[in-house]
Number of protein chains: 2
Amino acid sequence: MTSVADRKLDVIFAALADPTRRAILIMLLEDDMAVTDVAAPFDMSLAAISKHLIVLADAGLISQEKRGRVKWCKLEPDAMRAATVWIQGFGQFDPLDFDAFERFLANEFPQVSP
Amino acid sequence: MTSVADRKLDVIFAALADPTRRAILIMLLEDDMAVTDVAAPFDMSLAAISKHLIVLADAGLISQEKRGRVKWCKLEPDAMRAATVWIQGFGQFDPLDFDAFERFLANEFPQVSP
DNA sequence: CCGATCGTCAACCACCTGGTTGAATATGCT
DNA sequence: AGCATATTCAACCAGGTGGTTGACGATCGG
């Protein structure tokens with residue numbers, strides 16, 4: 001009884017549930033990148049980053065196109081839209097309320113000061 | 001050097017990456033529910049649902065309050081708001097508060113920030 | 001007090017995840 | 001051709017996840 005959309009959301013949310021992968025997505029906001037360049041800032045093997053990129057591609061969050069030796073990674077925002085649509089189905093809050101987010105962090109972790 | 005916001009998003013997205021847990025959240029939109037009632041529609045043991053509810057509570061997506069024998073589960077939309085804000089930070093939907101977004105990115109992944 | 005109900009705990013299982021290393025493949029450069 | 005670069009593959013490992021079952025403690029109703 002689990003729908004196709006369900007399974008798609010599974011992999012999208014699972015892909016987003018890792019800080020390394022979220023950081024990669026943020027990096028790709030800037031521009032398309034080769035795998036090696038994606039891996040550069042991380043204290044982690046290239047193979048590990050390669051696997052993270054496959055997870056992101058399987059979720060549809062990025063696409064990968066090989067040109068010559070270099071595999072270029074490109075952000076694909078449509079997949080994220082599916083997640084947003086699901087979350088907004090709750091419809092109980094303003095879609096982009098940064099103040100609310102700040103309050104959320106402050107209330108949740110009052111002991112942590114930057 | 002993963003930030004607090006990072007780890008919070010980890011558990012929120014991981015909690016959302018399961019169809020049973022997303023279904024539970026949708027059920028809780030309607031009203032607060034006891035654990036047994038949450039479990040009723042699922043073809044799964046009560047213990048399994050109990051564990052799912054703990055995952056949701058650890059993510060802050062629900063709260064649980066025990067009154068007598070019955071443990072009541074209540075939706076907590078603030079945690080979901082954090083996920084929404086992160087996703088919409090990609091700016092494909094609404095105009096952004098760029099100042100807040102930069103602060104958010106710096107907090108999200110300090111070591112790759114410019 | 002007794003028996004039913006609510007929910008968790010503990011042990012166990014199969015499978016998945018995120019990481020490593022070293023070898024392999026494919027392409028580009030000179 | 002020969003070497004360097006880009007990326008993946010394969011095997012492995014530790015720990016996490018999602019499920020089960022059975023026993024257990026707590027609480028309610030009669």
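**View 1. Helix H4 of chain B on the sheet.** In this predicted model, helix H4 (residues 46–58) of chain B lies across E2 and E3 of chain B. H4(B) runs at about 120° to E2(B).

**View 2. The open sheet of chain B.** Three strands form an open sheet in chain B, in the order E1-E3-E2. The pairing is antiparallel. Strand E1 (33–34) and strand E2 (62–67) of chain B stand at the edges. Each has a single partner strand, so one side of each is left without a neighbour in the sheet. Strands of a sheet pair through backbone hydrogen bonds, either parallel or antiparallel.

**View 3. The pairing of E2(B) with E3(B).** Strand E3 of chain B covers residues 70–75. It is joined to E2(B) by 6 bridges, and the two run antiparallel. B:Gln64 stands opposite B:Cys73 in E3(B). Helix H2 (residues 19–30) of chain B also packs on the sheet. This helix touches E1, E2 and E3 of chain B. Its direction makes about 90° with that of E3(B).

**View 4. Helix H2 of chain A, end to end.** H2 of chain A has 12 residues (residues 19–30). At 1.5 Å a residue, the helix should span 16 Å. Its end C-alpha atoms are 18 Å apart, which agrees. A:Asp18 caps the N-terminal end of H2(A). A side-chain oxygen of A:Asp18 lies 2.8 Å from the backbone nitrogen of A:Thr20.

**View 5. Burial along H2(A).** H2(A) is mostly covered, with 10 of its 12 residues buried. Among them are A:Pro19, A:Arg21, A:Arg22, A:Ile24 and A:Leu28. A:Thr20, which takes part in the cap, is also buried.

Conventions: Residues are numbered from 1 along each chain as its sequence is written. Chains are lettered from A and ligands numbered from 1 in the order in which they are written. This is a predicted model: local features need pLDDT of at least 70, side-chain atom pairs count only at pLDDT 80 or more; totals for chains, interfaces and linings use all residues. Side-chain values use heavy atoms; hydrogens and water are left out. Helices (H or I, at least four residues) and strands (E, at least two) are DSSP runs, numbered from the N terminus. The expected span of a helix is 1.5 Å times one less than its number of residues. Buried means under 20% relative accessible area, exposed over 50%, partly exposed in between (1.4 Å probe, protein chains only). A polar contact is a pair of N or O atoms within 3.5 Å; within protein, one must be able to donate a hydrogen and the other to accept it, and residues adjacent in sequence count only if both atoms are side-chain atoms. Two strands pair if DSSP finds at least two bridges between them. Contact means heavy atoms within 4.5 Å. Axes are lines fitted to C-alpha atoms, for helices over the stretch in contact, and angles run from 0 to 180 degrees between N-to-C directions.
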